[in-house]
Amino acid sequence: MKHTVWHHLNLCAQGDPEQTIRDAAIAVRDGQIAWLGASHALPEEYGTWPREDLAGAWVTPGLVDCHTHLVYGGQRADEFAQRLAGVSYEEIAKQGGGIVSTVRATRAAEEDTLFRQSAARLEPLLAEGVTAVEIKSGYGLDLASERKMLRVARRLGERYPVSVYTTFLGAHALPPEFAGRADDYIAEVCERMLPALADEGLVDAVDVFCERIGFSLAQSERVFEAAERHGLPVKMHAEQLSNSGGTALAARHRALSADHLEFLDEAGVAAMKASGTVAVLLPGAYYFIRETQLPPIDLLRRHGVPVAISTDSNPGTSPATSLLLMMNMATTLFRMTVPEVLQGVTTHAARALGQAARHGTLAVGRQADFAVWSVDTLAELAYWIGRPLCARVVRAGETVHTRRGA
């Protein structure tokens with residue numbers, strides 16, 4: 001049996017900087033938290049256990065990046081340059097760029113190449129204290145390529161010290177071979193792709209891009225119904241470019257989350273509250289496409305909808321590999337508070353994955369996944385830009401990353 005007492009630390013166990021324990025300790029047995037609390041209250045039975053002194057550092061739950069597209073081929077820097085020259089995201093998509101250009105690169109890439117490229121994007125997240133991440137498919141748009149993406153995501157979870165949750169996003173865009181036949185493609189997604197991938201154990205949840213350049217409400221509902229037939233939870237890219245009513249549909253299907261939400265209205269917010277659906281805000285995409293329509297933060301607060309923050313790491317609209325930067329952007333661009341953004345990358349992000357019982361908080365009986373920070377105050381996590389703050393990452397009670405010089 002391996003057991004350790006981590007002590008001389010300041011503990012933020014619930015992801016809320018307004019609820020902390022100074023001079024705390026965490027007793028870990030076989031990767032699980034056996035006890036935590038103020039050091040002076042440590043029970044005698046843990047007194048003889050080996051100790052790890054954290055020298056007064058702050059400790060939070062491991063961070064959760066609950067919306068990413070980490071697995072893809074190529075990059076889209078040239079499209080970025082087009083947007084800088086005044087071409088809109090929608091115009092680029094209509095010209096055959098956007099998601100479809102990444103589809104071409106992803107289909108052409110060998111699985112090992114995709115793994116190496118995706119690992120290079122995952123590693124910076126892990127160095128910032130991320131211990132759980134969602135990875136979507138959606139750049140294959142045929143069965144073989146979607147399978148390849150999801151296999152790479154599973155391999156990342158096997159090779160790296162991180163919990164990876166996979167989401168099938170076959171309904172991300174219309175592939176070229178189905179041009180003008182969106183309903184036929186949705187049938188392919190629902191009747192062939194999803195059943196095969198679910199049977200192979202590659203899918204943890206199902207997503208759909210419900211938007212005027214994506215799929216309609218009726219098509220999105222067909223995807224949700226197919227997911228439900230396979231016992232899989234759903235989520236939705238909703239109200240990013242227009243108010244289509246997608247969030248209300250997601251709420252009717254008890255979606256884990258609705259994501260983006262810049263054009264969400266109060267009716268959609270109320271529906272989310274009633275269904276328990278988490279709002280996932282993606283400040284990287286808002287920033288990168290130079291959006292001006294703010295998500296309705298005050299409405300979400302007023303209705304008590306939990307808000308998560310994520311990188312949306314993807315090649316076209318958020319080539320971001322820093323969750324701490326997203327926390328800063330959520331405070332500066334969306335006017336969120338430090339407690340809101342810290343809970344947004346811990347407790348609420350875990351809930352957006354349907355994994356609140358496993359991630360996002362530190363408690364007795366849970367796996368000992370936590371981040372150790374070289375900061376004087378937790379507000380620094382949303383304050384510094386580009387400064388390495390994570391001194392150590394602990395997963396299942398074992399140190400899996402130490403910052404050089406920490």
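## Contact criterion and model

Contact here means heavy atoms within 4.5 Å. The structure is a predicted model.

Between them, 25 residues from domain 1 and 21 residues from domain 2 make up the contact.

## The parallel sheet

An open sheet is built from 8 strands, in the order β5-β6-β7-β8-β9-β10-β11-β12, with parallel pairing. At its edges stand β5 (63–65) and β12 (307–309); each has a single partner strand, so one side of each has no neighbour in the sheet. From one strand to the next, the twist averages 25 degrees.

Within this sheet, strand β9 (residues 234–238) runs parallel to β10 and is joined to it by 4 bridges. Ala 238 stands opposite His 260 of β10.

## Helices across the sheet

Helix α5 (residues 143–159) lies across β6 (130–136) and β7 (163–171), and runs at about 170 degrees to β7. Helix α7 (residues 217–229) lies across β7, β8 (205–209) and β9, at about 175 degrees to β8.

## Annotated binding site

An unreviewed UniProt entry places the feature "binding site" at His 67, His 69, His 237 and Asp 312. These positions are spread over 246 residues of sequence but cluster in space, with a largest C-alpha distance of 12.3 Å.

His 67 is located in the loop between β5 and α1 (77–84). Its relative accessibility is 0%, and because buried means under 20%, His 67 counts as buried. Leaving aside residues up to four places away in sequence, His 67 touches Glu 134, Lys 136, His 237, Asp 259, His 260, Val 280, Leu 282, Ser 310, Thr 311, Asp 312 and Ser 313. Two of the annotated positions, His 237 and Asp 312, are therefore among the contacts of buried His 67.

Asp 312 is located in the loop between β12 and α12. With 2% relative accessibility, Asp 312 is also buried. Beyond four places in sequence, Asp 312 touches His 67, Thr 68, His 69, His 260, Leu 282, Ala 285, Thr 317 and Ser 318.

## His 260

His 260 lies in strand β10 (residues 257–260). This residue is buried, with a relative accessible area of 2%. Residues up to four places away in sequence aside, His 260 touches His 67, His 237, Ala 238, Gln 240, Val 280, Leu 281, Leu 282, Ala 285, Pro 295 and Asp 312.

## Helix α12

Helix α12 (residues 323–332) is largely enclosed by the rest of the structure, because 8 of its 10 residues are buried. The buried residues are Leu 323, Leu 324, Met 326, Met 327, Asn 328, Met 329, Ala 330 and Thr 331.

The N-terminal end of α12 is capped by Ser 322, with a side-chain oxygen 3.0 Å from the backbone nitrogen of Leu 325.

Key:
Residues are numbered from 1 along each chain as its sequence is written. This is a predicted model: local features need pLDDT of at least 70, side-chain atom pairs count only at pLDDT 80 or more; totals for chains, interfaces and linings use all residues. Side-chain values use heavy atoms; hydrogens and water are left out. Helices (H or I, at least four residues) and strands (E, at least two) are DSSP runs, numbered from the N terminus. Buried means under 20% relative accessible area, exposed over 50%, partly exposed in between (1.4 Å probe, protein chains only). A polar contact is a pair of N or O atoms within 3.5 Å; within protein, one must be able to donate a hydrogen and the other to accept it, and residues adjacent in sequence count only if both atoms are side-chain atoms. Two strands pair if DSSP finds at least two bridges between them. Axes are lines fitted to C-alpha atoms, for helices over the stretch in contact, and angles run from 0 to 180 degrees between N-to-C directions. UniProt positions are given in the numbering used here, feature names are shortened, and annotations may be inferred rather than shown by experiment.
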